[in-house]
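This report goes through one protein model, from its pockets to single residues. Please keep the sequence and the 3D view at hand while reading.

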Amino acid sequence: IRLSGISWKTYETLLEELSDRRLRLTYNRGNLEIMAPSPEHELSKKLMGRFVETLAEETDVQIYPLGSTTLKRTKLSGAEPDECFYIHRIAAVQGKKRLDLAEDPAPDLVLEIDITSSSQNRLQVYADMGVAEVWIYDGESLVIKQLQYDSYLNAQTSQFFPNLPIPDIAKFLQQATTMDYLELVKAFRSWVKSQIGQ
């Protein structure tokens, strides 16, 4: 559902009222998008988050996962990413119970699953917040977008995992509905090890 002419106060009231429901809200300068995630979306989201954790484990990259934490820039924009990770800016947020993007940095990496709806509207929100990199999976391909000034450009490699062919992760995500979850994670881990020469 997309609505326009929504005040910041209404957005914050909805966040509070709907906090125990599985709805996701994105607010951008008076425009509000409400989404109810599907099982296919949730499986891909969970698996992609697990894959980032596996990449970090195998490459010794520190991460601080904050899942679908609500990220807000007061009176301007707010979003709940499918998954988000702090990588370079962990020290600035680790242990905090609440984030205030007026003072705290945005996550370094955001994951978006575009199987049932597009994250195109959220990209401007993430750019306003200063999210360095967004990975978008649409059910077929995985695209890396990196922030350049105030917009995102497609990239072939991740700045956080530069020696790995991140778009190739899509072939593992495509097997999510036909392969056992843990077997797929094991296969992915073996692939990562082969890519980094272990």
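## Pockets

The second largest pocket has a volume of about 200 Å³. This is a predicted model. The lining of the second largest pocket consists of Tyr64, Leu66, Thr69, Thr70, Lys72, Val93, Lys96, Lys97, Arg98 and Leu99. Sorted by class, these lining residues are four nonpolar, two polar and four charged.

For the largest pocket the volume is about 280 Å³. Its lining residues are Glu12, Leu15, Glu16, Leu18, Ser19, Arg21, Leu23, Leu25, Thr70, Lys72 and Glu80. Helix 1 (residues 8–17) gives the largest share of this lining, with three residues. By class, the lining of the largest pocket has five charged, four nonpolar and two polar residues.

## A cavity

The count of cavities of 30 Å³ or more comes to one. The largest cavity has a volume of about 40 Å³. Arg24, Thr26, Glu33, Ile34, Met35, Glu80 and Arg122 line the largest cavity. Four of these lining residues are charged, two are nonpolar and one is polar.

Which strands supply at least two residues each to the lining of the largest cavity? They are strand 2 (24–28) and strand 3 (31–35). Strand 3 provides the largest share, three residues.

## Helix 4

Helix 4 (residues 120–129) is largely enclosed by the rest of the structure, because seven of its 10 residues are buried. Just after helix 4 comes Gly130, with a positive phi of about 90°.

In what order do the six strands of the open sheet lie? The order is 4-7-8-9-10-11, and the pairing is mixed. Strand 4 (64–65) and strand 11 (151–155) are the edge strands, since each pairs on one side only. Strands of a sheet pair through backbone hydrogen bonds, in either a parallel or an antiparallel way.

Strand 7 and strand 8 (residues 109–113) are an antiparallel pair, joined over three bridges. Across this pair, Cys84 is opposite Val110 in strand 8.

Glu83 belongs to strand 7 (residues 83–86). Is Glu83 buried or exposed? Glu83 is buried, because its relative accessible area is 12%, and the cut-off for buried is under 20%. Lys45 lies in helix 2 (residues 39–59). Lys45 also counts as buried, because its relative accessibility is 15%.

The side chains of Glu83 and Lys45 are joined by a polar contact of 3.3 Å. Residues up to four places away in sequence are left out of the contact lists that follow. Glu83 touches Lys45, Gly49, Gly67, Leu109, Val110 and Leu111. Lys45 is in contact with Ser68, Asp82, Glu83 and Ile113.

## Thr54

Helix 2 also holds Thr54. Thr54 is buried, because its relative accessible area is 1%. Apart from residues up to four places away in sequence, Thr54 touches Val185, Phe188 and Arg189. Thr54 and Asp180 are 126 residues apart along the chain, and their C-alpha atoms are separated by 17 Å.

## Two loop residues with positive phi

Most residues other than glycine have a negative phi. Arg29 has a positive phi, near 50°. Arg29 sits in the loop between strand 2 and strand 3. Arg29 counts as partly exposed, because its relative accessibility is 45%.

Lys75 also has a positive phi, near 65°. Where does Lys75 lie? The place of Lys75 is the loop between strand 5 (71–73) and strand 6 (77–79). Lys75 is exposed, because its relative accessible area is 67%, and exposed means over 50%.

Conventions: Residues are numbered from 1 along each chain as its sequence is written. This is a predicted model: local features need pLDDT of at least 70, side-chain atom pairs count only at pLDDT 80 or more; totals for chains, interfaces and linings use all residues. Side-chain values use heavy atoms; hydrogens and water are left out. Helices (H or I, at least four residues) and strands (E, at least two) are DSSP runs, numbered from the N terminus. Buried means under 20% relative accessible area, exposed over 50%, partly exposed in between (1.4 Å probe, protein chains only). A polar contact is a pair of N or O atoms within 3.5 Å; within protein, one must be able to donate a hydrogen and the other to accept it, and residues adjacent in sequence count only if both atoms are side-chain atoms. Contact means heavy atoms within 4.5 Å. On a 1 Å grid over the protein atoms alone, a cavity is a set of points where a 1.4 Å probe fits but cannot get out, and a pocket is an open set with protein on both sides within 12 Å along at least five of seven lines; lining residues have an atom within 4 Å of a point. Grid points are joined across faces, edges and corners, and a volume is the space filled by probe spheres set on the points. Ala, Val, Leu, Ile, Met, Phe, Trp, Tyr, Cys and Pro count as nonpolar, Asp, Glu, Lys and Arg as charged, and the others, Gly among them, as polar. Two strands pair if DSSP finds at least two bridges between them.
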